[in-house]
Amino acid sequence: MTRATEAFTVGGIVSVIYLILLMGLVPLSDTLQNRIIPVLPWWGLMTFGCYCLASIGSALYTFRDCPEAYHELMAEITQAKNELRSKGMQL
């Protein structure tokens, strides 16, 4: 099963469960039915947004420097400058 199929399957199951709870097909207390169930999608959206921001922040905080790539790039720049100078271009 691909990840997309997994995501759609889980999303479909969660949607069906939410609709069953929202329509009142399962008896719940009045407070739960009228005050908590209707705002669950917003809570889920906020939780997902917080997770995404935390994931991006964590990735930025643990971003690794690549000194080898830096030195390789600087060598290529120097080589390109030398080639252009040998062809008569002034830099």
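**Exercise 1.** Compare the reach of helix 4 (residues 67-86) with its expected span.

*Solution.* Helices here are DSSP runs of H or I with at least four residues, numbered from the N terminus. Helix 4 holds 20 residues. Just after helix 4, Gly88 has a positive phi of about 100°.

**A note before you go on.** This is a predicted model, where local features need pLDDT of at least 70, side-chain atom pairs count only at pLDDT 80 or more, and totals for chains, interfaces and linings use all residues. Residues are numbered from 1 along each chain as its sequence is written, and side-chain values use heavy atoms, leaving out hydrogens and water.

**Exercise 2.** Decide whether Gln33 is buried or exposed, and list its contacts beyond four places in sequence.

*Solution.* First, locate Gln33: it is in helix 2 (residues 30-36). Next, recall the classes: buried is under 20% relative accessible area, exposed is over 50%, and partly exposed is in between (1.4 Å probe, protein chains only). Gln33 counts as buried because its relative accessibility is 16%. Finally, take contact as heavy atoms within 4.5 Å: Gln33 then touches Leu21, Leu22, Met23, Gly24, Val26, Leu28 and Pro38.

**Exercise 3.** Classify Leu22 and Cys66 by accessibility.

*Solution.* Leu22 lies in helix 1 (residues 3-23). Leu22 has a relative accessible area of 35%, so it is partly exposed. Cys66, at 48%, is therefore partly exposed too.

Technical notes
Helices (H or I, at least four residues) and strands (E, at least two) are DSSP runs, numbered from the N terminus. The expected span of a helix is 1.5 Å times one less than its number of residues.
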